[in-house]
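Please keep the sequence and the structure in view while reading.

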Amino acid sequence: MARYTGPKTKISRIFGEPILGNGKYLGKNSNPPGQHGVSRKRKQLGEYALQLREKQKAKYTYGVLERQFANLFVEANRRKGVTGEVLIKLLEARLDNAVFRLGIAPSRPAARQLVSHKHITVNGQVMNVPSYQLKPGDIIGLKASATTNTAITSNIRGKNPKFSWLDWNEKELKGTFIAYPERESVPENIKEQLIVELYSK
């Protein structure tokens, strides 16, 4: 199973924001990485570079590799609605992302690990595919053995109230994917229209 395992701070410095979690080092050195990072910061990016940068940001944010991302774009383009907004909805509907949004895991990589190690269920069935596409009404929960594992339960922080497309039952440790989120409800700083323009070339 392929995933990004490189330095997270380096990726955050490329985009100038903590897209992979902890951004405490950005304050110390906010220049792009590399020998010429300082001078590169002053360069004006071209149209293609801006579009590519936005696609890379979305990929790193959601932990998706190139082929998966391209397939998601094809699916988003096939569905009704604004392609860029549909793409964000599909990314938000990934199982690992929903586990993170529900507060079961502290980060998307941690959520991906929980899913891969068969600790997560969907509608009562164990699901170990992080990219599984949730549908409205799907119920996400912890496997029975995981509910007694303090290493897992101690990290559960509960859902952020602003994620209105998800519901969390703290007593049962279960969450519901209510509906696909509206674009304005998703807090990620991604300009999806630039991604659409990149793939439209």
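## A residue in the interior

Ile 120 has a relative accessibility of 0% and therefore counts as buried, since buried means under 20%. The model in which this value was computed is a predicted one. Ile 120 lies in strand 1, which covers residues 120-122.

Which residues does Ile 120 touch, not counting residues up to four places away in sequence? They are Leu 95, Val 99, Ile 104, Leu 114, Val 115, Gln 125, Val 126, Met 127, Ile 140, Gly 141 and Leu 142. Ile 120 can also be compared in position with Ala 144: the two are 24 residues apart in sequence, and their C-alpha atoms are 9.4 Å apart in space.

## The chain as a whole

The chain contains 9 helices and 5 strands. Read from the N terminus, its elements follow the order α-α-α-α-α-α-α-β-β-β-α-β-β-α. Of the 201 residues in the chain, 40% are buried. Among contacts with a separation of 6 or more, 55% are between residues 24 or more positions apart.

## The nonpolar core

The largest nonpolar core has 42 residues, and those that touch the most other members are Leu 95, Val 99, Ile 104, Ile 120 and Ile 140. Helix 5, residues 83-92, gives the most to this core, contributing 5 residues.

With its neighbours within four places in sequence left aside, Val 99 is in contact with Ile 104, Ala 105, Ala 111, Leu 114, Val 115, Ile 120 and Ile 140.

The 5 strands form an open sheet in the order 2-1-3-5-4, and their pairing is antiparallel. Strand 2 (125-126) and strand 4 are the edge strands, each of which pairs on one side only. Strand 1 is joined to strand 3 by 3 bridges in the antiparallel sense. Within this pair, Thr 121 stands opposite Gly 141 of strand 3.

Strand 3 (residues 139-142) is also joined to strand 5 by 3 bridges, and these two strands run antiparallel. Ile 139 stands opposite Thr 176, Ile 140 has Gly 175 as its bridge partner, and Gly 141 has Lys 174 as its bridge partner.

Strand 5 is joined to strand 4 (residues 166-169) by 4 bridges, and the two run antiparallel. In this pair, Leu 166 has Phe 177 of strand 5 as its bridge partner. The two strands form a hairpin with 4 residues between them. In the turn, Leu 173 has a positive phi of about 55 degrees.

## Helix packing

Two packed helices are described by the angle between their axes and the distance between the axes. The axes of helix 4 (residues 66-78) and helix 5 come within 8 Å and cross at roughly 125 degrees. At that angle, helix 4 is oblique to helix 5. The crossing of helix 4 and helix 5 is right-handed. On the helix 4 side the contact is made by Phe 69, Leu 72, Phe 73, Glu 75, Ala 76 and Asn 77. On the helix 5 side it is made by Thr 83, Val 86, Leu 87, Leu 90 and Leu 91.

Helix 1 (residues 8-15) has four named buried residues: Ile 11, Ser 12, Arg 13 and Phe 15. The buried residues of helix 1 pack against helix 3 (47-62). Just after helix 1, Gly 16 takes a positive phi of about 75 degrees.

## A buried glutamate

Is Glu 192 buried or exposed? Its relative accessible area is 14%, so Glu 192 is buried, the limit being under 20%. Glu 192 is found in helix 9, residues 192-199. Leaving aside its neighbours within four places in sequence, Glu 192 is in contact with Gly 84, Glu 85, Ile 88 and Arg 183.

Notes. Residues are numbered from 1 along each chain as its sequence is written. This is a predicted model: local features need pLDDT of at least 70, side-chain atom pairs count only at pLDDT 80 or more; totals for chains, interfaces and linings use all residues. Side-chain values use heavy atoms; hydrogens and water are left out. A nonpolar core is a set of buried Ala, Val, Leu, Ile, Met, Phe, Trp, Tyr and Cys residues joined through side-chain atoms within 4.5 Å. Buried means under 20% relative accessible area, exposed over 50%, partly exposed in between (1.4 Å probe, protein chains only). Contact means heavy atoms within 4.5 Å. Two strands pair if DSSP finds at least two bridges between them. Axes are lines fitted to C-alpha atoms, for helices over the stretch in contact, and angles run from 0 to 180 degrees between N-to-C directions. Angles under 35 degrees count as roughly parallel, over 145 as roughly antiparallel, 65 to 115 as roughly perpendicular and the rest as oblique. A crossing is left-handed if the near helix is turned anticlockwise from the far one by less than a right angle, and right-handed if clockwise.
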